[in-house]
Amino acid sequence: LAVVVHGKAVLDLVPGKGNGSQDMVTKMLEHGVRFIVCGQSAAAYGVSADELIEGVEMHLSAMTAHAKLQQTGYTVNPF
């Protein structure tokens, strides 16, 4: 399972006080779930790759992340 995160939600992948998502994200990473941040969204919100929760990846954009994932056999679930 891979979760591609974009927009303001990238802030949920920055560790720190008041981040209610941090524990859940960390546990999911421990179970093999990949979190991939849209680099364009991260730039818009002033977030660099070294500021993310350990194990969270950053790709150029959400669109390129989806394309790369599909090339390796993932399918998109746009819920």
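## Close-up views of a predicted model

**View 1. The largest nonpolar core.** Of the 13 residues that form the largest nonpolar core, those touching the most other members are Leu13, Val25, Leu29, Phe35, Val37, Leu52 and Val56. Helix H1 and strand S2 each supply at least two residues of this core. A second, separate core has 6 residues, among them Ile36, Cys38, Ala62 and Leu69. The model shown here and in the other views is predicted. In soluble globular proteins, nonpolar side chains tend to be buried together.

**View 2. Leu29 and its contacts.** Leu29 is one of the core residues that touch the most other members. Residues up to four places away in sequence are not counted here; beyond them, Leu29 touches Phe35, Ile53, Glu54, Gly55 and Val56.

View 3. Strand S2 covers residues 34-38. How many of the residues of S2 are buried? The count is 4 of 5, and S2 is therefore described as mostly covered, with buried meaning under 20% relative accessible area. S2 pairs with S1 in the parallel sense, over 4 bridges. S2 also pairs with strand S3 (residues 57-59), again in the parallel sense, over 3 bridges. Ile36 takes part in both pairings: Ile36 is the bridge partner of Val4, and Ile36 stands opposite Glu57 in S3. In a regular strand the side chains alternate between the two faces of the sheet.

**View 4. Two crossovers.** S1, H1 and S2 together make a β-α-β unit that is right-handed. From S2 the chain continues through helix H2 (residues 39-44) to S3, and this β-α-β crossover is right-handed too. S1 spans residues 2-5 and H1 spans residues 22-30.

**View 5. Asn19 in a loop.** Asn19 is found in the loop that runs between S1 and H1. Is Asn19 buried or exposed? Its relative accessibility is 14%, so Asn19 counts as buried. The side chain of Asn19 has two polar partners in this view. It reaches the backbone oxygen of Asp12 at 3.1 Å, and a polar atom of the Asn19 side chain lies 2.9 Å from the backbone nitrogen of Ser21. Not counting residues up to four places away in sequence, Asn19 touches Leu11, Asp12, Leu13, Val14 and Ile53.

View 6. Val33 sits in the loop between H1 and S2. Val33 is buried because its relative accessible area is 12%, and the limit for buried is under 20%. Leaving aside neighbours within four places in sequence, Val33 is in contact with Leu1, Val3 and Met28. Val33 and Gly55 are 22 residues apart in sequence, and their C-alpha atoms are 9.8 Å apart in space.

**View 7. Ala62 in helix H3.** Ala62 has its place in helix H3, which covers residues 62-71. With a relative accessibility of 11%, Ala62 counts as buried. Which residues does Ala62 touch, not counting residues up to four places away in sequence? They are Val4, His6 and Cys38. Ala62 and His6 are 56 residues apart along the chain, and their C-alpha atoms are separated by 6.5 Å. Both Ala62 and Cys38 are members of the second core.

Note on methods. Residues are numbered from 1 along each chain as its sequence is written. This is a predicted model: local features need pLDDT of at least 70, side-chain atom pairs count only at pLDDT 80 or more; totals for chains, interfaces and linings use all residues. Side-chain values use heavy atoms; hydrogens and water are left out. Buried means under 20% relative accessible area, exposed over 50%, partly exposed in between (1.4 Å probe, protein chains only). A polar contact is a pair of N or O atoms within 3.5 Å; within protein, one must be able to donate a hydrogen and the other to accept it, and residues adjacent in sequence count only if both atoms are side-chain atoms. Contact means heavy atoms within 4.5 Å. A nonpolar core is a set of buried Ala, Val, Leu, Ile, Met, Phe, Trp, Tyr and Cys residues joined through side-chain atoms within 4.5 Å. Two strands pair if DSSP finds at least two bridges between them. A crossover is right-handed if, with the strands pointing away from the viewer, the path from the first strand over the helix to the second runs clockwise.
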